Amino acid sequence: MASFALAFGTATKNKDGKIIEAFFPTPVLNPSESLVAALADIVSYQEGNEAFNVQANQCEAIASALSAADEQAAAAFAAKAASSSQPLVLVILASDEKPSSVSEGFLKLQLISQRLAKPHSIVLEGIFGLLHNIAWTNKGPIDLPELADRQIEARLAGESLTVDCVDKFPKMVDYVVPAGVRIADTSRVRLGAHVGEGTTVMHEGFINFNAGTEGVSMVEGRISAGVMVGNGSDIGGGASIMGTLSGGGQLVISIGENSLLGANAGLGFPLGDRCTIESGLYVTAGTKVTMLDSSGAEVETVKARDLAGKPDLLFRRNSVTGKIECLTNKSAVELNAELHANN
Ligand SMILES: CC(C)(COP(=O)(O)OP(=O)(O)OC[C@H]1O[C@@H](n2cnc3c(N)ncnc32)[C@H](O)[C@@H]1OP(=O)(O)O)[C@@H](O)C(=O)NCCC(=O)NCCS
């Protein structure tokens, strides 16, 4: 039977022996039946979606199974893991369902950040409730209830424990740096972000999990959970894209190709290709927009959500009348090639 994915990795456990985090450098999508069968023999897997604790003495057999399936990177990792003292975990997913374990959740986030899966293409429902709130420190992930004791132990040993952040999601770059990206402030990109080849994320930029860019983009504003930005589009400094997690919004917001969200602008509906939103203008789905014809005459008033996905539009707030207007965008953005040349 066909399987969805599998991965072998290291894990971190809390004092109760529960896995709170897992690192999968070499996941395999749509593994062959023979690979699944070979691994099933090693960990006694039968069916469904499962995460197995792996012992060091099982690594060699796992490496051989991966190697026989021509998954050489994964095989090399499994061979090295034989001498690791870290907890080891093997996840086998028969199908793409709601994640049911921390390991499965971390695997899915890594599938997206490693660009093996696009945001929205895999099921992440319930992941927020599944993941622990963790202190991500220079000594590794620490389950929050254990942090105070660990801080005291570290100080008594003359060491310091640096806490980078307290969050369910770690920063992406501690797991993977996909090819061809620049990220000025790495804490601004969460694991589960999809950072397209040729994307630059400047200090003000932010990318949440299950969100990101398809290809070349300059990100200087915030890409909220669930939002995908098309190739060649720019998110201007301080710009905001409404997410779908809070506030009850059901509309999945996206940006097409070669569009520009101006500095300090905001977007609350799916924007099409070659569109521009004027700097400082926030257009929500319900915003009433006056359509102008090529001579600048008013034609009709529509809600922004009715313009979802339509190409070649320029949105601006008329600085004389205060009305939000939409006209044909004559100059689609040309990304500044020099800014992207260093990826
Ligand atoms: C909205 C925007 C795209 C308009 O730029 P543009 O197409 O180059 O337009 P111009 O400024 O040349 O103006 C064209 C005409 O429209 C008028 N105009 C521009 N914005 C207007 C507004 N908000 N209200 C009324 N008229 C406006 C201009 O006065 C000008 O009139 P004219 O033909 O009588 O001379 C631009 O102002 C903008 O906000 N760009 C975003 C840039 C950005 O934020 N980049 C990211 C950086 S981090």
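Me: Is Glu204 buried, exposed or partly exposed?

Reply: Partly exposed, since 18 other C-beta atoms lie within 10 Å of Glu204. Keep in mind that this is a predicted model.

Me: Where is Glu204 placed?

Reply: In the loop between β11 (199-201) and β12 (206-207). The unreviewed UniProt entry marks Glu204 as "binding site".

Me: And what does Glu204 touch, leaving out residues up to four places away in sequence?

Reply: Glu220, Gly221, Gly237 and Gly238.

Me: Which residue does UniProt list as "active site"?

Reply: Glu220, again from an unreviewed entry. Glu220 is placed in the loop between β14 (217-219) and β15 (222-223).

Me: Is Glu220 buried or exposed?

Reply: Buried, because Glu220 has 21 C-beta neighbours inside 10 Å. The cut-off for buried is 20 or more. Beyond four places in sequence, Glu220 touches Met202, Glu204, Gly205, Ile235, Gly236 and Gly237.

Me: Which other residues carry the "binding site" annotation?

Reply: The unreviewed UniProt entry gives Arg222, Gly237, Ser240, Ala263, Glu278, Ser279, Gly286, Lys303, Arg316, Arg317, Asn318 and Ser319. They do not all gather at one spot, because they span 98 residues in sequence and the farthest two C-alpha atoms are 25.7 Å apart.

Me: Now the ligand. Which residues come nearest?

Reply: Gly236, Gly262, Ala263, Glu278 and Ser279, out of the 14 residues around the ligand.

Me: How many of the shell residues are nonpolar, polar and charged?

Reply: Three are nonpolar, seven polar and four charged.

Me: Changing topic. How many helices and strands does the chain have?

Reply: Seven helices and 27 strands. The C-alpha atoms fill a box of roughly 75 × 55 × 40 Å along the principal axes.

Me: What share of the chain is buried?

Reply: Buried residues make up 41% of the 343 residues. On contacts, look at those with a separation of 6 or more: 48% of them join residues 24 or more positions apart.

Me: Let's do α4. Why call it largely enclosed?

Reply: Because twelve of its twelve residues are buried. Among them are Val102, Phe106, Leu109 and Ile112, but also Glu104 and Lys108.

Me: What do the buried residues of α4 pack against?

Reply: β1 (5-13), β2 (19-23), β4 (49-54), β5 (88-93), α5 (127-130) and β10 (193-194).

Me: How far apart are the end C-alpha atoms of α4?

Reply: 17 Å. At 1.5 Å a residue, helix α4 (residues 102-113) should span 16 Å, so the two agree. Just after α4, Arg115 takes a positive phi of about 65 degrees.

Me: β1 came up. Where does Phe8 belong?

Reply: Phe8 is in strand β1. With 30 C-beta neighbours inside 10 Å, Phe8 counts as buried.

Me: What is Phe8 in contact with, neighbours within four places aside?

Reply: Ile62, Ala74, Phe77, Ala78 and Leu90. Phe77 is 69 residues from Phe8 along the chain, and their C-alpha atoms are separated by 8.4 Å.

Me: Last one, β25. How many of its six residues are buried?

Reply: Zero, so strand β25 (residues 298-303) is hardly covered.

Me: How does β24 run relative to β25, parallel or antiparallel?

Reply: Antiparallel, with five bridges joining strand β24 (residues 288-292) to β25. Lys288 stands opposite Lys303 in β25. That Lys303 is also among the UniProt "binding site" residues.

Me: And what sits between the two strands?

Reply: Five residues, in the hairpin of β24 and β25. In that hairpin, Gly296 takes a positive phi near 85 degrees.

Conventions. Residues numbered from 1 in each chain as written. Predicted model: local features only at pLDDT ≥ 70, side-chain atom pairs only at ≥ 80, totals over all residues. Helix = DSSP H or I, 4+ residues; strand = E, 2+ residues; numbered from the N terminus. Expected span 1.5 Å × (residues − 1). Contact = placed C-beta atoms within 7 Å. Near = placed C-beta within 6 Å. Nonpolar A, V, L, I, M, F, W, Y, C, P; charged D, E, K, R; others polar. UniProt positions renumbered as here; feature names shortened; annotations may be inferred. Pairing = 2+ DSSP bridges.
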